Amino acid sequence: MERTDTYERHHLKATELRLGLPGTDEPQKQSPATASIKSNKRALPESAKDCSSNNNSCASDVKDGDCACAPSSKAQVVGWPPVRSYRKNCFQQKKNEPDVSGMYIKVSMDGAPYLRKIDLKVYKSYPELLTALENMFRFTIGEYSEKEGYNGSEYVPTYEDKDSDWMLVGDVPWDMFTSSCKRLRIMKGSEARGLGCV
Amino acid sequence: MSEDEEKPSVDLADRNVRIGGAPGSGGEFQSPFPDQVLENVLENVLIFLTSRQDRNSVSLVCKSWYRAESMTRRELFIGNCYAVSPRRAIERFRRIRSLVLKGKPRFADFNLMPPDWGAHFAPWVTATAAAYPWLEKIYLKRMSITDIDLALLAQSFPNFKELVLVCCDGFGTSGLAVLASKCRHLRVLDLIEDEVADDEVDWISCFPENETRLESLIFDCVDCAINFELLEKLVARSPFLKKLRLNRLVSIGQLYHLMIRAPQLTHLGTGSFSHTDIVAQTDQEPDIASAFSACKSLVCLSGFREIIADYIPAIYPVCANLTSLNFSYANITAEQLKSVICHCHKLQTFWVLDSVHDEGLEAVAATCKDLRELRVFPVDAREDSEGPVSEVGLLAISEGCRKLQSILYFCQRMTNNAVIAMSRNCPDLVVFRLCIMGRHRPDHVTGEPMDEGFGAIVKNCKKLTRLAISGLLSDRAFWYIGHFGKLIRTLSVAFAGNSDMGLKYVLEGCPKLQKLEIRDSPFGDSALRSGLHHYYNMRFLWMSSCRLSRQGCQEIAWRLPRLVVEIMRGHTRDREEDEMDDSVEILYMYRSLDGPRDDAPTFVSIL
């Protein structure tokens, strides 16, 4: 593709004054050559409602060398990027969740013929989780105490953490638990000696 | 197509028999003139001509051929519903069985056009209900349809077989209910990317009780709860069902039950591919993998609206046969994709999210040697977000998928070199749509505009008919397009160009240009004037947030009386500014045989 020098000088130089992004919070990760492009962008009407300019919007007017008023940061232009709203909305809420696919973990119970799976995300606290487990497997767990664990229970809930150690459910704060829990095992109380049961 | 099944219509057969017979012997009056004979022969031949472009040519030969063609055309295609009035269409074509209507321009999808602009189906359904009682198929794209329209459709066409609605709105589940209950011969009900209102009507329950003739039921865009048991029963009594696309409210357990009832499916949309709520007490883990194994004919897979990665292996059994896979709602990682894609040797169409990163695309390139169409959508569709895919992925695809014909690629950064490489590696490209999401982004390695990349595409891809450009672009890019893009029919431009010359290059250089959509680019009245020789050959021109004045647009309207020139405000602007301002925010113009429409809302001025 041939490019004459004059063309390049004239047009490329003209484009040099063109824009980077319309003001963002994060520092631009651009090569030095583009660093000078950041300024002088004329704002689009949608993204700069407070701009005093009444002119018909246009991405750039480099011949005048106009300096745009700075558009509000993070202001998104209408209809850009060209993704249908249905698609955009699908992922808006999911973005905020650390684990998009749900936090499903296996739950085994001593003596039960097969395992179950539950989504830890659904529960907000230990009592909720334990109640759900009680319902699922039809047993009862006693009360938890820091000193004595699940004293007097026929069954004791335990979990395997990231270090592959088996821990008693309830010792650590809920959020720490959900982020470190890999699977659950409901142990028979008789086996649970040493985990804080009498 | 119904043409294969039907014989030439009864009228024509009778005509042939009665040639030379006494007039008034029943049926149509027959003249024994040789012209008539020729016309009848022609009609019998033209039955077999299906291409509308060929038919248009045939109709231009002479009056006799025009008549014969108009009597034998079965499918009526109207690319712009305002280009012709319903009355004119039905006066010319008397025996239509299939109607295709397109309404709003594509930029309406991105909220650039105020709502209630038009493209109403109502006048069309009213006219065709009277004129084409034997209508069997309707395909609508970007039209506004009401429940009343659907009800009229359902009761007016006793032989109605296929309804396909793409990107339409204005109707709800109550309209669907009427369709389901009244269209007894319904074979195809495809709802694709429509906005469907939830009227809380259980439309699935409205299908007739006996065996249906359903071949295709696509409702993945209908975000309304359905009665699953009734859906299951419907699938069970639809032995011809080949295509089923469920909405995201169908859980994976429910999917399992449907799949085992319909192992003959060729196209499946899986719904959520997740549990919709806490695992029920009675549900065991569904053996979803075995359900997939049983579907030996599956070639097209989509859905995965809320995918749980653990279930991905369930689809392995069908991967080897898949020709189409749509993961564009599945937020999966590169690793998760790799486990699937390595089996998909026959894949021709692949839609995916950029969550798979360049690495995921490299895996696609390594396996999918037959790939024809690729679409990479952004998880985070904002300008300044992290870009998980880049020129690396594009380059890999170009090197691995040499047969590529169509690409849509969203990214945050790109280089000319990668685009140039693609232009060389993929000479079969027909559609090239690159969206660099940050406006005016240059080549992120060299800092130069993206002119050379797009220039290479138009130069090297000699079959290119559709192009969408983005990134930092000067008039040079447009010069390339005008100079090399001789087959381009659709061009999409945003935030590009330096001056009027850009648009001039394109309007003067691209003889096949049909659809031109431009936003936020510095093109003014002078540029607009340079297309006067071509506008009658185009379906439409859209220009928003450019540099047009009312005066400039008015001039076009005067010079081209058969062009409808609509100008309007975007919905972000105030009314008070209207009167003061000579600038035009949105210009939408198109040719029309019937002059300006009479259903234009107040925010539209027709010059």
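Val156(A) stands opposite Met187(A) in strand S5 of chain A. The model is predicted: local features need pLDDT of at least 70, side-chain atom pairs count only at pLDDT 80 or more, and totals for chains, interfaces and linings use all residues. Residues are numbered from 1 along each chain as its sequence is written, chains are lettered from A and ligands numbered from 1 in the order in which they are written, and side-chain values use heavy atoms, without hydrogens and water.

**The sheet of chain A**

Strand S3 (residues 155-160) of chain A pairs with strand S5 (residues 183-188) of chain A. The sense is antiparallel, over six bridges. Two strands pair if DSSP finds at least two bridges between them. Strands (E, at least two residues) and helices (H or I, at least four) are DSSP runs, numbered from the N terminus.

Both strands belong to an open sheet of five strands in chain A, with the order S2-S1-S5-S3-S4 and mixed pairing. Strand S2 (116-119) and strand S4 (166-168) of chain A are the edges, each pairing on one side only. Neighbouring strands are turned by 35° against each other on average, direction ignored. Helix H4 (residues 126-137) of chain A packs on this sheet. H4 touches strand S1 (104-109), S2, S3 and S5 of chain A, and its direction makes about 155° with that of S2(A). Contact means heavy atoms within 4.5 Å. Angles run from 0 to 180 degrees between N-to-C directions, and axes are lines fitted to C-alpha atoms, for helices over the stretch in contact.

**Helix pairs of chain B**

| Helix pair | Angle | Axis distance |
|---|---|---|
| H18 (residues 451-460) of chain B and H19 (residues 475-484) of chain B | about 5° | 8 Å |
| H14 (residues 334-341) of chain B and H15 (residues 357-367) of chain B | about 10° | 8 Å |

H18(B) and H19(B) are therefore roughly parallel to each other. H14(B) and H15(B) are therefore roughly parallel to each other as well. Angles under 35 degrees count as roughly parallel, over 145 as roughly antiparallel, 65 to 115 as roughly perpendicular and the rest as oblique.

The contact of H14(B) with H15(B) includes Leu337(B) and Ile341(B) from H14(B), and Ala363(B) and Val364(B) from H15(B). Its residues divide into five nonpolar, two polar and three charged. Ala, Val, Leu, Ile, Met, Phe, Trp, Tyr, Cys and Pro count as nonpolar, Asp, Glu, Lys and Arg as charged, and the others, Gly among them, as polar. In the other pair, residues of H18(B) including Asp451(B) and Val458(B) meet residues of H19(B), among them Arg476(B) and Phe484(B). That contact has five nonpolar, one polar and four charged residues.

**An aromatic pair**

The structure holds 28 aromatic pairs over all chains. In one, the rings of Tyr82(B) and Trp117(B) have centres 5.6 Å apart and planes at 85°, so the pair is edge-to-face. Rings of Phe, Tyr and Trp (its six-membered ring) pair if their centres lie within 6.5 Å; planes under 30 degrees apart count as stacked, over 60 as edge-to-face and the rest as tilted. Tyr82(B) lies in the loop between strand S1 (75-78) and helix H6 (86-92) of chain B, and Trp117(B) in the loop between strand S2 (98-102) and helix H7 (122-131) of chain B, so the pair ties together parts that are 35 residues apart in sequence.

**Backbone exceptions**

Most residues other than glycine have a negative phi, and most peptide bonds are trans. The Trp80(A) to Pro81(A) bond is cis, with omega near -10°. Cys167(B) is not a glycine, yet has a positive phi of about 55°. Cys167(B) sits in the loop between strand S4 (162-166) and strand S5 (171-172) of chain B.
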